[in-house]
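Work through the exercises below with the coordinates open. Try each task before you read its solution.

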Amino acid sequence: MIVQPIRSVFLSVGLSLAIGAVSVFSYSVPSSAGPRQPTLGEFVSSKSGSVGLGWQRSSGISKDAWLTAVGDETVKVGSRGRTFVVEPLLPAHRLAGSPRAAPIHSDIPLTDAFALHSRPGSTKVIYLDFNGQTMTNTAWSYPDPLVVPAYSIDGSASFSSTEKQNIIDAWSAVAEDYSMFDVDVTTEDPGQSAIDRTSYSDDRFGVRALITDENNGIADIACPTGCQGVAYVGTFDYVDPTGDWEWYSPAFAFSRPSFSGKILSDVISHEVGHNLGLSHDGQGNNAYYLGRSGWAPIMGAGYNQPLVQWSIGDYQGATNREDDFAIMRSYGLSLLADDFGNSAGTATTLSLNTSTSGTIHSRSDVDYFRFVPGAASVDIAVTLPSGSPNLDCSITVLNSLNRTVATANPSFLGLGTNSATGLTASITVAVTKGQTYFVKVDGVGVGKASSNGYSDYGSVGEYRLSVSGETQLTLAPGTPTISGTLKVGNPLTVDIGSWESGVETSQQWLRNGSPIASATGTSYVLQRSDGGKRISVAVTASKSGYTTMTATSASTGKVAK
């Protein structure tokens, strides 16, 4: 990082910042405040007294969250007028959680812990940096460089198997949180140029989330009494007019040795959410909503809830009604293109007995699939690949007339910090062979969000769908019959019987049940070697989409010599 001329970050200043034609947001910290940053509420009060200062886009706070943010003591104002958030330390009782084990991704080798990518072709990146960093020329580290240690739960410089597993689990959960967006969540350093945005024409940029120990040098600057994380608000796609591309980077997530990958992911996704313009989801007088009945918002503090989703503030007592997806899109992320059709007319044909991966991108997104069963019943199942899913899914099975045949939407039940039932769905359906059916996958909520339920707003994410049954229909066999005089030298002919239209047939004549070489036509002239033997014929029929079927005629009497 390039060191620029000295400037004090936390002393009295009179700087201003404007984005385009938006209002200038500036302040001077009273000299008595020393290095302490004012809260947004203090700044507003000092600028405009009891009248209050209206929303300022250049603060990074969204218009919908402005009034809530003004009253949130965790929201501070940096020296350049941009807000940042200092998450208070979490009381031990909030992290007591459940005795259940954290989700484990045993399918990912530990050797891949630092080479994980959710969407490697994307131009946007969320880099989960567990390796530590020496920072210079940032809001956290000027004028002196700041050494931030690597993530560790045992104090060792090398990464243990437990630490690597936590990294894998945390990556998986963060990747799920952002799976609806065209962004690569990765643990492999993409290089600083892939993170910095140096101009408005620069389409390749992102954020570094630095995961480190709870006790670190940032605490002495941004939160002397300790904090769980620190991040600037609305800086994901920001272009610094002074050329200090890394001034507001990184976002910090502070870990404790007891943190599972799941809790790490909750902190990381929350801090990256601030970089993407999101403010806190509170309830009543509390800046952070802890959730209930197994559910919580990502921008709250859902460490003890198994289902943690993005929110629109439709739960009881919500103080922030930001549309999380809309805000994040306005700061540089784009939703992925829809992967599957949203109606029977645009349904994707399934290959039976195989798994198909998909993503529900928004509450309005449904995915339709078409299949033709080859048995009287099929097993349909939707599973979730993440150990910390966001999607609560339902299955609807429809016939060719678009009428509902069956549904599956099991009740959600949180079983502790890391486990819940009712998010996946499966069903066995009686069907008619050869008919066309559709299966619809949808993200759903539970009950009323305004009481103890949650809406389908944040019920999005990745899934895997399988429809299991016979892959081909079975042909109804015909009944072959033989006619002709049973005497050596005379011809015999076969009537293959009645098969379904469109079949292709072949014949094999048999002598006492054994194939006769080269006797494969619809007629056969009896040979001297057939004398005293019994003759039959096997008819094999095939048709695309059907199981090949063979039917054998009844044996004749003994052939006369």
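The exercises cover ring pairs, charges over rings and salt bridges in a predicted model.

**Exercise 1. Classify the pair of Y238 and Y248, and state which parts it ties together.**

Solution. 
- Start with the total. The whole structure holds 21 aromatic pairs.
- Take the geometry of Y238 and Y248.
- Apply the cut-offs. Centres must lie within 6.5 Å, and planes over 60 degrees apart count as edge-to-face.
- Place the residues. Y238 and Y248 both lie in the loop between β10 (229–232) and β11 (251–255), so the pair ties together parts that are 10 residues apart in sequence.
- Check burial. The limit for buried is under 20% relative accessible area. Y238 has 11%, so Y238 is buried. Y248 has 6%, so Y248 is buried too.

**Exercise 2. Classify the pair of W295 and Y454, and locate both residues.**

Solution. 
- Read the geometry. W295 and Y454 have centres 6.4 Å apart and planes at 10°.
- Apply the angle rule. Planes under 30 degrees apart count as stacked, and W295 with Y454 is a stacked pair.
- Locate the partners. W295 is in strand β12 (residues 295–297). Y454 is in the loop between β23 (437–443) and β24 (461–468). The pair links distant parts of the chain, 159 residues apart.
- Check burial. W295 is buried at 4%, and Y454 is buried at 3%.

**Exercise 3. Which residues do ring pairs link into a cluster with Y238, and which charged end sits over the ring of Y238?**

Solution. 
- List the cluster. Ring pairs join F84, W140, Y232, Y238, Y248, F252 and F254.
- Look over the ring of Y238. The charged end of R82 sits there, 4.9 Å from the ring centre.
- Now turn to W247. R80 lies over its face, 3.9 Å from the ring centre.

**Exercise 4. Follow R80 to its salt-bridge partner D244, then to the network.**

Solution. 
- Note the total: the structure has 7 salt bridges.
- Find the contact. The closest N and O atoms of R80 and D244 are 2.9 Å apart. The cut-off is within 4 Å, so this pair qualifies.
- D244 lies in the loop between β10 and β11, and R80 in the loop between β3 (75–77) and β4 (83–87), so the bridge ties together parts that are 164 residues apart in sequence.
- Check burial. D244 is buried at 4%. R80 is buried at 11%.
- Extend the view. Shared partners join R80, D240 and D244 into one salt-bridge network.

**Exercise 5. What do the salt bridges of K124 with D203 and of R208 with D129 tie together?**

Solution. 
- Begin with K124 and D203. Their closest N and O atoms are 3.0 Å apart.
- K124 lies in strand β5 (residues 124–129) and D203 in the loop between β8 (184–186) and β9 (205–213), so the bridge ties together parts that are 79 residues apart in sequence.
- Check burial. K124 is buried at 8%, whereas D203 is partly exposed at 47%.
- Continue with R208 and D129. Their closest N and O atoms are 2.7 Å apart.
- Check burial. R208 is buried at 6%, and D129 is buried at 2%.

Methods. Residues numbered from 1 in each chain as written. Predicted model: local features only at pLDDT ≥ 70, side-chain atom pairs only at ≥ 80, totals over all residues. Heavy atoms only, no water. Phe/Tyr/Trp six-rings, centres within 6.5 Å; stacked < 30°, edge-to-face > 60°. Helix = DSSP H or I, 4+ residues; strand = E, 2+ residues; numbered from the N terminus. Buried < 20%, exposed > 50% of the residue type's maximum accessible area, 1.4 Å probe, protein only. Lys NZ or Arg CZ within 6 Å of the ring centre and 35° of its normal. Salt bridge = Lys/Arg side-chain N within 4 Å of Asp/Glu carboxyl O.
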